[in-house]
Amino acid sequence: MTIPNTEIRDMFDQVADLLELKGENPFRVRAYREAARVISGFSEQVEKLVKGGGDLTAYRGIGKDLAGKIQEIVETGSLKQLEELKAQIPESLLELLQIPELGPKKIAALHKELGVKTLADLKQAVEAGRVSTLKGFGKKSEQKILESIGRTKKAGGKRMLISDVEPYATALEQYLKDQPGVKQVAVAGSYRRGKETIGDLDILATCGEGDEEQVMDAFVRFEDARDTIAHGKTKSSVRLRSGLQVDLRIVPEESYGAALHYFTGSKAHNIAVRKLGIDRKYKINEYGVHDGENRIAGRTEEDVYAAVGLAFIEPELRENMGEIEAAQENRQPGLITLNEIRGDLHAHTSRTDGRNTLLEMAEAARDLGYEYLAITDHSQKVAMAGGMTEKDLREHMQRIDAVNEQVEGITLLKGIECDILAEGTLDLPDTVLKDLDLVICSVHYYQRLSREDQIKRVLRAMDSPYCQILGHPTARLINTREPIDIDLEKIIEAARERGVVLELNAQPDRLDLPHNYCKMAAELGVKIALNTDSHSIEGLKRMKGGVTEARRGWLTKADVINTRPLGDMLAMLRKR
Ligand SMILES: [Zn+2]
Ligand SMILES: [Zn+2]
């Protein structure tokens, strides 16, 4: 295992924060801050120094005690003292550190004087005017804290949706590429792996020798940056106005692939790859793959993987969930791509709760290059959204026919998103369902049923021969609503038995079926419909996020029905 200097520095900074939160002796706190500062100024790798038997106490600011702790970190990868402190201090208190106006000292005061333990407590205290009564706080800082809480709730407090992070990632990448001297730029981290939510952005870059400083200066001047958290020659951090933290690291070109691999993660994946290195007596870190003193790979990720006998592994798969074994045996999935999608099977129009008309949706889907678009407005139970009765639906079907005659180059399918009622019956009679091209059945109400009742209900709906696609199977809304309590393994098994297709709903806060279950479904031969569930023409463009989730779920073109031409796709739907 390799520990970069920055990680050791961060650990000491955290210790200092936590000690300060506990109200410990300021001299002790300062000693850890000083150690962090000294370590971040090291030009050599601390780990190398320690392992080479170097004497750390020769450095100003590092006494015997700290030297011992550095040794502990290098040897074990963690620091017992830090873990113990974390266990003692409520995690919610650490959240308060995200408020730029609050340092550990002020948080300790808020905790001690006002009993503030969470962001919610803090908000209450500010709104009640209690914070400004404390020493060191004024009316002005109260106002600033309140604004920061607002931002934190949107961003840092909870991880941001990847779709909300994407515009920043794209803009920063382009901005950095445009800087003189910059050669390569990549966003690494969980963003590159396509995770549903993102904590912060990790960007790597290479540049010409001597250009580092001006690149870093440009980075901290990025127009959307609110605060500079750190400004160094090889690493800088800023916080954007949205609250998102962005780290930029400049790495040597010969280490770019190794660093990209290291900072893309996941941790579990990296550990597994490093183990393969150890088997070959190689050492792998963010600088490269080393055979003794020689760097044998590191310029590209492909080289890093090849050094340990692996084919390149797509970032979305790097979770140590079987991808290493697959790469060893050359049986990696050919992951689905956006341009393989031929149509969208879940869309709403202004007839129910969509914003655009049938015609507008048809033209927009055609302009995306699609062959078909299923119109699946809501059924009567979803009255709030203008859900349709059988009679309404028959009229809607006629209008769909009319638009099909009017618009060339795309076929609208007559569908419905039929609500699954409390007992598992469907919201519209078979007499009309049988006349549709496609029926999606979804849970919208009664989300709090017991696990047993919920399973019974959904299975009953799936028993209907008209249930062809199960829409957003867990009904989760990321960051705002828990999934329904249901046994997805059972649902997947039932889908296999009945020939029901499961939806992967691409709405940014749904991404439902979640990727791990997509993988399970595909392994059992259950097909997936990758749909945007769009309520507007802009919504149709959200397919990309769904494709990312599908890739995290190991899905290939063959697993997803709407990669097929219209006739083949329809033939894959359950016969009724
Ligand atoms: Zn729905
Ligand atoms: Zn819908």
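Biologist: Let's start with burial. What share of the 576 residues in the chain is buried?

Modeller: Buried means under 20% relative accessible area. In this chain, 53% of the 576 residues fall in that class. Keep in mind that we're looking at a predicted model.

Biologist: Okay, and the overall build? How many helices and strands are there?

Modeller: The chain has 24 helices and 17 strands. Its radius of gyration is 27 Å, close to the 25 Å from the globule rule for 576 residues, so the chain is as compact as a globular protein of that length. Along the principal axes, the C-alpha trace spans about 85 × 60 × 50 Å.

Biologist: How should I read the contacts, then? What percentage join residues at least 24 apart?

Modeller: A contact means heavy atoms within 4.5 Å. Take the contacts between residues at least 6 apart in sequence: 68% of them join residues at least 24 apart.

Biologist: And the surface and charges? How many positive and negative side chains does the chain have?

Modeller: There are 83 positive and 93 negative ones, with the centres of the two sets 4 Å apart. As for the surface, the accessible area is about 25,900 Å², and carbon and sulfur atoms own 48% of that.

Biologist: On to the metals. Which residues coordinate the zinc ion (ligand 1)?

Modeller: With metals, you look for N, O and S donors within 2.8 Å, and since water is not among the atoms, a site may look incomplete. Here the zinc ion (ligand 1) is held by Glu417 through OE, and by His444 and His472 through NE2, at 2.1 to 2.2 Å. Written as a sequence pattern, the donor spacing is E-x26-H-x27-H.

Biologist: Where do Glu417 and His472 sit in the chain?

Modeller: Glu417 is in strand S13 (residues 411-419), while His472 is in the loop between strand S15 (469-470) and helix H21 (488-498). They're 55 residues apart, so the pair links distant parts of the chain. Both are buried: Glu417 has a relative accessible area of 1%, and His472 comes in at 2%.

Biologist: Which residue bridges the zinc ion (ligand 1) and the zinc ion (ligand 2)?

Modeller: That's Glu417, and the two ions lie 3.4 Å apart.

Biologist: Where are cis peptide bonds found, say with omega about 0 degrees?

Modeller: For these you check omega. Gly265 and Ser266 are joined by a cis bond with omega about 0 degrees, and Ser266 is in the loop between helix H13 (256-264) and helix H14 (267-279). Another cis bond joins Asp512 and Leu513, with omega about 20 degrees. Leu513 lies in the loop between strand S16 (501-505) and helix H22 (515-523).

Biologist: Last one, Arg318: buried or exposed?

Modeller: Arg318 counts as buried, at 0% relative accessibility. You'll find it in the loop between helix H15 (301-307) and helix H16 (323-328). Leaving aside neighbours within four places in sequence, its contacts include Gly265 and Ser266, along with Glu301 and Glu323.

Notes. Residues are numbered from 1 along each chain as its sequence is written. Chains are lettered from A and ligands numbered from 1 in the order in which they are written. This is a predicted model: local features need pLDDT of at least 70, side-chain atom pairs count only at pLDDT 80 or more; totals for chains, interfaces and linings use all residues. Side-chain values use heavy atoms; hydrogens and water are left out. Helices (H or I, at least four residues) and strands (E, at least two) are DSSP runs, numbered from the N terminus. The radius of gyration is taken over C-alpha atoms; the globule rule is 2.2 Å times the number of residues to the power 0.38. Buried means under 20% relative accessible area, exposed over 50%, partly exposed in between (1.4 Å probe, protein chains only). Accessible areas come from the Shrake-Rupley method with a 1.4 Å probe; for residues, only the protein chains shown count as cover. Lys and Arg count as positive and Asp and Glu as negative; His and the chain ends are not counted. The place of a charge is taken as NZ of Lys, CZ of Arg, CG of Asp or CD of Glu. Donors are N, O and S atoms within 2.8 Å of the metal (3.2 Å for Na, K and Ca); water is not among the atoms, so sites may look incomplete.
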